[in-house]
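This report describes how one protein chain is put together. Please look at the sequence and the 3D view before reading on.

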Amino acid sequence: MVARIYKPSRNAMQSGVAKTKEWVLDYEPEHARMVEPLMGYTSSADMRSQIRLTFETKEEAVAYAQKRGIPFQVSEPHEAGRRRIAYSDNFAFTRMGQWTH
């Protein structure tokens, strides 16, 4: 069973960087999920899908997997490029485009 090591990204409802600074190790699913016929619950026979370990650095996660002989795959994060803009830029003489109410 292959483990994934990655840094989680922000979800659509998140504007900050909470819960995105740690590295996560979790396992790829071995079995597909199935719907229980009686109650309609979604279940899985894969117990490792419930395991999710967090580490402060990528090196700690890789060392953990190597020490225990777990095959792993590392996914590098995509860092967001941020522009710093000021409110006063809305009123600059060099502003491109028309500013009206």
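In strand E6, the bridge partner of Arg4 is Gln73. This pair is one place to begin in a model that is predicted. The strands concerned are E1 and E6, the latter made of residues 72–74, and they pair in the parallel sense over 3 bridges.

**Strands side by side**

E1 also pairs with E2: 4 bridges join the two strands, which run antiparallel. Two of the residue pairs can be named. Ile5 has Leu25 as its bridge partner in E2, and Tyr6 has Val24. E2 in turn pairs with strand E5 (residues 52–55), again in the antiparallel sense and over 4 bridges. Here the bridge partner of Trp23 is Phe55 in E5.

How many residues of E2 are buried? The count is 5 of its 5 residues, and the strand is described as mostly covered. Both faces of E2 are covered, with Trp23, Leu25 and Tyr27 buried on one side and Val24 and Asp26 buried on the other.

**The nonpolar core**

The largest nonpolar core has 10 residues: Ala3, Ile5, Trp23, Leu25, Tyr27, Phe55, Ala61, Val62, Ala65 and Ile70. At least two residues of this core come from each of strand E1 (3–6), strand E2 (23–27) and helix H1 (58–67). In soluble globular proteins, nonpolar side chains tend to be buried together.

Ala3 is one member of the core. Beyond the residues up to four places away in sequence, Ala3 touches Leu25, Asp26, Tyr27, Ile70, Pro71, Phe72 and Gln73.

Trp23, another core member, sits in strand E2. Trp23 counts as buried because its relative accessibility is 8%, and the cut-off for buried is under 20%. With neighbours within four places in sequence left aside, the contacts of Trp23 include Ile5, Tyr6 and Lys7. Others in the list are Leu53, Thr54, Phe55, Glu56, Thr57 and Lys58, along with Ser75, Glu76 and Pro77. The C-alpha atoms of Trp23 and Tyr6 are separated by 5.6 Å, although these residues are 17 residues apart along the chain.

Val62 counts as buried because its relative accessibility is 17%. Leaving aside neighbours within four places in sequence, Val62 is in contact with Ile5, Phe72 and Val74.

**Partly exposed residues and a loop**

Phe72 lies in strand E6. Is Phe72 buried or partly exposed? Phe72 is partly exposed, because its relative accessible area is 30%. Not counting residues up to four places away in sequence, Phe72 touches Val2, Ala3, Ile5, Val62, Ala65 and Gln66.

Pro71 is found in the loop between H1 and E6. Pro71 is also partly exposed, with a relative accessible area of 44%. Apart from residues up to four places away in sequence, Pro71 touches Met1, Val2 and Ala3.

Lys19 lies in the loop between E1 and E2. Lys19 counts as exposed because its relative accessibility is 80%. Lys19 also has a positive phi of about 60°, although it is not a glycine.

**Separation along the chain and in space**

The table sets sequence separation beside C-alpha distance for some pairs.

| Pair | Apart along the chain | C-alpha to C-alpha |
|---|---|---|
| Trp23 and Tyr6 | 17 residues | 5.6 Å |
| Phe72 and Ile5 | 67 residues | 6.9 Å |
| Val62 and Phe72 | 10 residues | 7.9 Å |
| Pro71 and Gly81 | 10 residues | 32 Å |

Val62 and Phe72 are 10 residues apart in sequence and 7.9 Å apart in space. Pro71 and Gly81 are 10 residues apart along the chain, and their C-alpha atoms are separated by 32 Å.

**The largest pocket**

Rolling a probe the size of a water molecule over the atoms shows where empty space is left. The largest pocket has a volume of about 420 Å³. Which residues lie nearest its centre? They are Pro8, Ser9, Thr20, His78 and Glu79, out of 14 residues that line the pocket. By class, the lining has 4 nonpolar, 4 polar and 6 charged residues.

Technical notes:
Residues numbered from 1 in each chain as written. Predicted model: local features only at pLDDT ≥ 70, side-chain atom pairs only at ≥ 80, totals over all residues. Heavy atoms only, no water. Core = buried A, V, L, I, M, F, W, Y, C linked by side-chain atoms within 4.5 Å. Buried < 20%, exposed > 50% of the residue type's maximum accessible area, 1.4 Å probe, protein only. Contact = heavy atoms within 4.5 Å. Pairing = 2+ DSSP bridges. 1 Å grid on protein atoms, 1.4 Å probe; cavity = no way out; pocket = protein on both sides within 12 Å on 5 of 7 lines; lining within 4 Å. Points joined across faces, edges and corners; volume = space filled by probe spheres on them. Nonpolar A, V, L, I, M, F, W, Y, C, P; charged D, E, K, R; others polar.
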